[in-house]
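Please read these notes with the sequence and the structure open beside them.

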Amino acid sequence: MTELLIPPPETAVPRPPARYHFGAPPWLLALAALCAATAAIPLVYLVVRTTEAGLTDVLDTLVRPRVLQLTVNTVLLAAAVTLSCLVLGTICAWILTRIRLPFQRTLLLASALPLAVPSYLAAYGWLVWFPHLNGFWASWFVMTMVCTPYVTLPVAAALRGASADLESVARTLGRGPLRAFAAATWPQIRPAAIAGALLVCLYSLSDFGLVSMLRFQTLTWGINAAYGASFDRNQAALLALVLVVLALVVVAGERRSRRQVGGIPGRSTMPARAPGKTGPLFAAVLLAAPIAGVVVPVVGLLSRLLEAETLRAIDVPRLVEAIGATLGLALAAAVVAVFVALPIAALAARYQGRLVAVIEAVGFLGHALPGIVVGLSLVFFALAAVPMFYQTSVVLVFAYVVLFMPRAIGSMRSGIAAVPASLGDVSRMLGLSPFQTWWRVTARLALPGIAIGALLVAISAMKELPATLLLRPTGVSTLATELWSRTALFEFGAAAPYAAALVLVAMVPAMLLSGIRGTAREN
Amino acid sequence: MGWVAIDGLRVAYGDTRVLDDVSLRIPRGSLVAVLGPSGCGKTTLLRAVAGLLPVTAGTITVGGRLVTGPGVQRAPEKRGMGWVPQDASLFPHLTVGENIGFGLPRTKQSDDLYCEPGEAPGGVAGLFAGFTRRGRANRARPASSPVRPLIGGPGSVPAAPGRGPASGTPGHTHLAPAPITPDRSRQYSRAARIVELASLVGLSDLVDRAPSQLSGGQAQRVSLARALAPRPDLMLLDEPFAALDPLLRSALRTEVAALLHAQHNTSLLVTHDQEEALSLADFVAVMRGGEILQFGTPADVYERPVDPWVAGFVGDTVELDGIWRGGRVDCALGSLPADWMGAPSDVGAASAPADGPSVRVLLRPEWLTLAEPAADSKTDAVTTAIAYAGHDALVSFTLPGGLVVRARVAAPDLPRVGDRVTLGVRQNALAYPLA
Amino acid sequence: MRIPLSVAALVAGATVLALAGCTQAAESTASTADGAFTLYSGRDEALIQPLIDQFEEQSGISVEVRYGNTAELGALLLEEGDATPAQVFLAQDAGALGALANAGLFATLPATTTDAVPAGFTSTDDTWVGVTGRARVITYDSEALAATDVPTSVDAFTDPAWSGKFGIAPTNASFQAFVTAYRVLNGEEAADEWVKAVAANNPVIFDNNRAILAAVNDGVIEAGLINHYYWFAQAAETGEANMRAQLSYPEAGDAGSIVNVTGAGLLAGAADDADALEFIDYLVGAKAQQYFVDETYEYPLITGIDAPAGLPALDSLVNPDLDLADLDTLEDTQALLGKHGLI
């Protein structure tokens, strides 16, 4: 579970040494461009829709104190959460790799666990215990606990791979432990830390369920309110655009600040030292996120679930229906996402060049698009362009594909890149056409990577809330929306079965995932 | 007239020319080695011939069939060429047998036969029992599949299922260069061809193994068998031995060369290893900077290199400054008989000028001879260092002018450090005009 | 590397499910007649679904329901226009119904349907019919305030003394209808003043009335503007004696005391849909009206059904100066709330 829920940071994707030197075949370029273009539909339509409103209207809305207040709230929360996750996550990673604590593996697993809990579920769990929780500090706290693993895991991995020799050298040259770490080790783990921080930042920018439950008004909350409370949709569209701009600024900033550090050869492991008297302190820091992000909510959930009244009131057919809808939608999203991501992943894995980079970047756009923005723009788009698909699973699945395609591209790209290009050459030389070669050799060998991509999409789609709320077909409820509609009414007991089912259902692909990773590693 | 003809081939990546006007003829049934340092474009040449990358200009014909030319760019799978890459590149998801059969057409019949080489000679079927684990074999058995005798197969190497990847290394088995008469009839099943090739490369007891269980040498043999299976018109070998350790390398390459010759294969081998090129090939093309500098037999290239760079690339040299004196050169070793190497197109002394020009004098270390020092010789040398290599040694001598030359001396004739000797030559030195 | 079979099975299964999902969804939007129709409900699922279950059982007609916020669904209907899959819109607020009627989205209902509800609680042009009545009230924390300290007018909440202590749900249709009433009763200028002052007085913003009630009951805030029946539903659940939050009815004539109605409209495209009409008739029938009295503690609108016990008489709350038909300028209200940053 440690690595399965985190999309590998882009920095960590190894580029294969042997790539084709020549340009990609035009048909592959065209196909990949087409697939990437689908990912851009929501954003393009959102811009078109907003410009239709007219410049004066747009400016009028933009300068409203409300918009400013929401934007400031959003930025403050995202910045605070990112900073605290960065600090806590780096400390946790350092403890995990440099201190010899008992139950090392269990601790690592535990520190990954909060990732399995959707933010709104964590918020729900805290509200069960403390119904009064609300506002900035509550949102900051719960979000930090949920997001810390995004930093802990990649930084721990980087620390394990980082050369400790440099730090030793720095020590012998007279630096204290902290300064030696800062001078020698930090530059090596910096890309991982920044990549993790980017995920945290995007997550807190685009989160809707948690801030909504804890009543902290950010842009996502504002978008949902404007969408739900007014006949005039332009305000919602405009707020969505502001959110997208924020997200893109963050992504661009991350790309600028990311400097690749060449691998430094050397002994990769710093001898872990015994904790001594500070052991309990280290353990406490390490376990803060898992306890606050998992144990508290889950125990709250269970306490509500096991109340006699709740058990009696479980509407089994309805629960089963929601599970079925959740699974069906998630699997459909996974399959479609794989097919859409495949040309992009194949292109990015085998070819380079400016056009390839652009196509890949557009494919990754969903990474920066909050679910609520994709949901909103697809409502507009579907009504205007494909009304026959409006309020059908088609549009909802499409939204999932746009949102989670980057995860599929990431793992499929590394899967395909891991298949030596020379195997394709050999196959061609033995008389197989490019498609036969793809089917019998490349796809066959990249299957674990492709399957991981599909499962990552499935897990994410199961937990998705805001786009599902806007786009779900009439009469279809997923576990997330059922949970949401109950917690919105403060019916914590009634929400408990759905929350429990969501946790259980999301564990299925997670277990499949660790199975595939395990098998892949054995080979 | 070559079986394979490459004319005016040009390949460019953007503005950089990788191949510049390359022309090459490969006679039918011969092995041509393209020799050059890394980055000289030799792999690009091979990939261009294979159709794995587009060319800018030029034509390639194989057996009179145009595969690359203006407006013609036949797909790699339609060129009928075999490809042996540097790292063997076996399909990791297929067994050795399935790898060998990868390029063989899957007719309905052959697909069923594919699993079972036949039950004819008692023990053989048992050896291949693992082959049938997909359970397809029991559905259809060839009524009369002609099973070729297994050469160098289970007969000569005892099957040892429990042995690890080390079994069947070249030390234990040998390739049997027995000629094989092509049997192209439909009756000739895919399975039989796999068995035939497996035994040809001496791996018949390993057909059921996964590639990960093979040693490097074994993997390269499978790669070779796989490329040979569809009976290609031209074999392309991309530094096939480079990844092997030196001992294995020399053993395997001899076997492979013998096998390719025995099969009457036309082959193009790319290598940066001059020893490999000289020992294996019928003809060697020396490449540098995207151009072919010299094409000839190994002896030609070694004995009469077109310029000092080629000379240095294909072997050790002794280089001296000299002055051309009509058939002889004056240099630090005295006056030596020499050949004028001025015009690459017409190597020989015929077009040599009379007297005077300064030249670069080139010798091979083994061309030098040692003699007892004459009383007042001005060209006496002092032995300063000996690099001993068992059968012979490279001995460094310091000439009176302070110049150091190295001679290859057979072990029994070795001088001792400090000995004074007179150096002579066995054969004509090569005199290259200074550019 | 032996996973391909399971993965292949997974992929195949997913494709089948996806296709099934698509066709199912397509069917539900396609079949508009014959024993089925689609309802957009701006009222809570918990309140409405049991009634719909009853209706389905009784009539054999199956109802697809899309639940949402009244304003959200109203906007959706405007956006969808003729393409809407809905046949009936059940709204929480007369203003939203009026606005949609003005946009020409509703078919005219048969007189037999609209006559069931007395004038004043339904549309004047038979484009929609009122279903239940609800009073706007102030709920207050009885541990923090004495009943006599509770404001009798919503104007009190502009007082800095209330800063940060009161809750509103500006995205909620009932709140918006109340603001519309304020505009109608006191004029645009006064309404603008009031909204601006309230927005500046640090109101605690909630998504819905129930959350406000919960916050008051927990002592998080001292007072909030809600509809009366939330309190009665909560009191029925936890026992009246255990309620920390109490209700106060603003003085008659104050915009904070209006009686609003929920109502239903038949969408223009479904003018001839007998199934949809049957449902609307059912809503204003004795059985459904009794259901609302018993389960949601709202005022019934047809004669012969008694209001829930403990409620003041409907007549005592109705403001003679306000015509519900005047609440249809919802967009202006939303613009006003947006202008001052409340939505």
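Predicted model: local features only at pLDDT ≥ 70, side-chain atom pairs only at ≥ 80, totals over all residues.

1. Residues are numbered from 1 along each chain as its sequence is written, and chains are lettered from A and ligands numbered from 1 in the order in which they are written.

2. Chain C is divided into domain 1 (34-133 + 259-322) and domain 2 (134-257 + 330-339); the bounds come from an automatic or database domain assignment. Between the C-alpha centres of the two domains of chain C the distance is 24 Å.

3. Where the domains of chain C meet, 26 residues of domain 1 are in contact with 21 residues of domain 2 (contact: C-beta atoms, placed from the backbone, within 7 Å). On the domain 1 side, the elements giving two or more residues are α3 (70-80), α4 (94-102), β4 (128-141) and β9 (259-266) of chain C. Of these, α4(C) gives the most, with four residues. Helices (H or I, at least four residues) and strands (E, at least two) are DSSP runs, numbered from the N terminus.

4. By class, that side of domain 1 of chain C has 13 nonpolar, ten polar and three charged residues. Here Ala, Val, Leu, Ile, Met, Phe, Trp, Tyr, Cys and Pro count as nonpolar, Asp, Glu, Lys and Arg as charged, and the others, Gly among them, as polar.

5. An unreviewed UniProt entry places the annotation "binding site" on Tyr229(C) and Tyr230(C); such annotations may be inferred rather than shown by experiment. Tyr229(C) lies in helix α9 (residues 228-238) of chain C, and Tyr230(C) is found in helix α9 of chain C.

6. Are these two tyrosines buried or exposed? Tyr229(C) counts as buried because it has 23 C-beta neighbours inside 10 Å, and Tyr230(C) is buried because 25 other C-beta atoms lie within 10 Å. A residue is buried at 20 or more such atoms, exposed at 12 or fewer, and partly exposed in between.

7. Leaving aside neighbours within four places in sequence, Tyr229(C) is in contact with Arg134(C), Thr296(C), Tyr297(C) and Glu298(C). On the same terms, Tyr230(C) is in contact with Asn209(C), Arg210(C) and Leu213(C).

8. In chain A, helix α12 (residues 279-305) bends by about 45° at Ile291(A); the bend is the angle between axes fitted to the seven residues ending there and the seven starting there. Buried residues of α12(A) include Pro290(A), Ala292(A) and Gly293(A).

Conventions. Contact = placed C-beta atoms within 7 Å.
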